[in-house]
Amino acid sequence: EQKTAVIYKKTLFSCVSSQLLGLSNKDSFSTGRYPLKTTLVSQNFYPFDTIDVIAVHLKSNTGSDSLKNVAYNSRKRSAEWLKAYTYTQRDKRKYIIAGDWNDDLDVSIYKQLPSSLLALKNESNGGYFITQRFSTYLIATTASYPDAIDHQFVSGRLYEYYTKDSAFVWRIDQYIGNYASTCSDHFPVISRYNS
């Protein structure tokens, strides 16, 4: 399985728990790419007393057409599971789901079908894809493709502190030579919050 991680600054946060999610629902994460939930407690800042960071790496769009169809449906089920999971947290927790979603928000990278992430995009959890404008303005998040496939979804409680339109794609390849071949073909996606 693909391993995910959360990196944080220990002078700002303490990690109180970390666990893989969805282990009992293998159909939603049939590729073994389970979300990693890390709960951090702030050392210095109010209102960031507690924040859940959920790192995701959904199934990539590779292989034959039939394998790409399987990947599309896997991402769709994963988004539906994440919607159901976050529904109970919507008014209570500050959380962010971030990582490589392997699909765009406007239309899917697979055959221009409806986005596999629609369950969360059109949900009523009070959450937001703060990276929606990447799709709207055709801002690529990888060196290989023109689509935005790396996204951040935040709860309504966290969105209250989001600095509007601060999410951006850091073109780190301007600073690291051969970045796409030596590091990753994905660029970091950064967002800022008022504390």
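Strands 4 and 6 pair antiparallel, with 5 bridges between them. This is a predicted model, where local features need pLDDT of at least 70, side-chain atom pairs count only at pLDDT 80 or more, and totals for chains, interfaces and linings use all residues. Residues are numbered from 1 along each chain as its sequence is written, and side-chain values use heavy atoms, with hydrogens and water left out.

Q: What makes strand 4 and strand 6 a pair?
A: Two strands pair if DSSP finds at least two bridges between them, and strand 4 and strand 6 have 5 bridges. One of the links is isoleucine 96 with valine 154 in strand 6. (Strands are DSSP runs of E, at least two residues, and helices are runs of H or I, at least four, numbered from the N terminus.)

Q: How do you know that strand 5 pairs with strand 6?
A: Strand 5 (residues 128–129) is joined to strand 6 by 2 bridges, running antiparallel. Phenylalanine 129 has phenylalanine 153 as its bridge partner there.

Q: Why is strand 6 called largely enclosed?
A: Buried means under 20% relative accessible area, exposed over 50%, and partly exposed in between (1.4 Å probe, protein chains only). In strand 6 (residues 150–154), 5 of the 5 residues are buried, so the rest of the structure largely encloses it. Asp150, Gln152 and Val154 point one way, His151 and Phe153 the other, and all are buried. In a regular strand, side chains alternate between the two faces of the sheet.

Q: Why is aspartate 103 called buried?
A: Its relative accessibility is 0%, so aspartate 103 counts as buried. You'll find aspartate 103 in the loop between strand 4 (95–100) and helix 2 (118–121).

Q: What does aspartate 103 touch?
A: Contact means heavy atoms within 4.5 Å. Not counting residues up to four places away in sequence, aspartate 103 touches, among them, Tyr72, Arg75, Ser115 and His151. The aspartate 103 side chain also reaches the backbone nitrogen of isoleucine 109 at 2.8 Å.

Q: Where is tyrosine 85, and which residues is it in contact with?
A: Tyrosine 85 sits in helix 1 (residues 65–87). Leaving aside neighbours within four places in sequence, tyrosine 85 is in contact with Leu21, Lys37 and Ile54. The C-alpha atoms of tyrosine 85 and leucine 21 are separated by 9.2 Å, though the two residues are 64 residues apart along the chain.

How values were computed:
Polar contact = N/O pair within 3.5 Å; in protein donor to acceptor, adjacent residues only side chain to side chain.
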